[in-house]
Amino acid sequence: MYRILAVEDEEDIQEILKNYLTDQGYLVTLADDGVDGIAKFHSGEFDLILLDVMLPKIDGFGVCELIRRESDVPVIMLTALEEEEYQIRGLDLKADDYITKPFSMPVLLRKIAAVLRRTHREEEQQVITYKTLRIDLMGHHVFVCEKPEGEEEVELTQKEFELLHVLLINKGIVLTRQKLLNMVWGMDYFGEERIVDTHIKNIRKKLGQEYIRTIRGVGYRIDKENQR
């Protein structure tokens, strides 16, 4: 369930936003001014922020600037300021969208859904899951989940991580040792190609399962999930 922070000082608009968003299944937190908005932002984790521009204490541009110093959370700015210069300012502050008042709630709901879809898709691209494996590419973490009580992180070296990543994004394809050397160690590597075997052996030992298959006389492959 997505969590939305709505920073809006007009009570009637607050009520409208809360009712519509709640009906759509969102969890909504309200803030009355810029200072309250920053405080609420720091007090919880949100998937999207609806941010009025003309706010007491700190205006929406100031709030957006402060948020962007520490977070890429999606921000949709809501304002009666329809002049182009204000829209450009909001977008320059890396707001994801800029909607002028009065606005249509059905249109706003669709814009919220579109931003969340895009953000969720971008986040998914940073994580690879395969059987009981979960690979966090940005955080450089590898997790194995074999038990109902949770997953366990496995420590891989840089080259082990890169090898596993390359094999996973090429599921179903046999990669020769030379191909793996080129992709992981670089085209200018002139060492012994058996170093690939050593790293594969270490990966298998650390993961505890035979995710990587040896194709004798050719190379290595990770099967697609519907293959055995």
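**Backbone features**

Lys-131 sits in the loop that connects strand E6 (127-130) to strand E7 (133-136); helices (H or I, at least four residues) and strands (E, at least two) are DSSP runs, numbered from the N terminus. This is a predicted model, in which local features need pLDDT of at least 70, side-chain atom pairs count only at pLDDT 80 or more, and totals for chains, interfaces and linings use all residues. Residues are numbered from 1 along each chain as its sequence is written, and side-chain values use heavy atoms, leaving out hydrogens and water.

The phi of Lys-131 is positive, near 50°. Lys-94, which is not a glycine either, has a positive phi of about 70° and is found in the loop between helix H4 (84-92) and E5. Most residues other than glycine have a negative phi, and most peptide bonds are trans. A cis peptide bond, with omega about -5°, joins Lys-101 and Pro-102. Pro-102 belongs to the loop between strand E5 (97-100) and helix H5 (105-124).

**Exposure**

Buried means under 20% relative accessible area, exposed over 50%, and partly exposed in between (1.4 Å probe, protein chains only). Lys-94 counts as exposed because its relative accessibility is 59%, whereas Lys-131, at 48%, is partly exposed. Glu-210 is exposed at 60% and lies in the loop between helix H8 (195-207) and strand E11 (212-215).

**Cysteines**

Cys-64 is buried, with a relative accessible area of 0%, while Cys-145 is partly exposed at 34%. With a disulfide defined as a pair of cysteine sulfur atoms within 2.5 Å, the count comes to zero disulfides.
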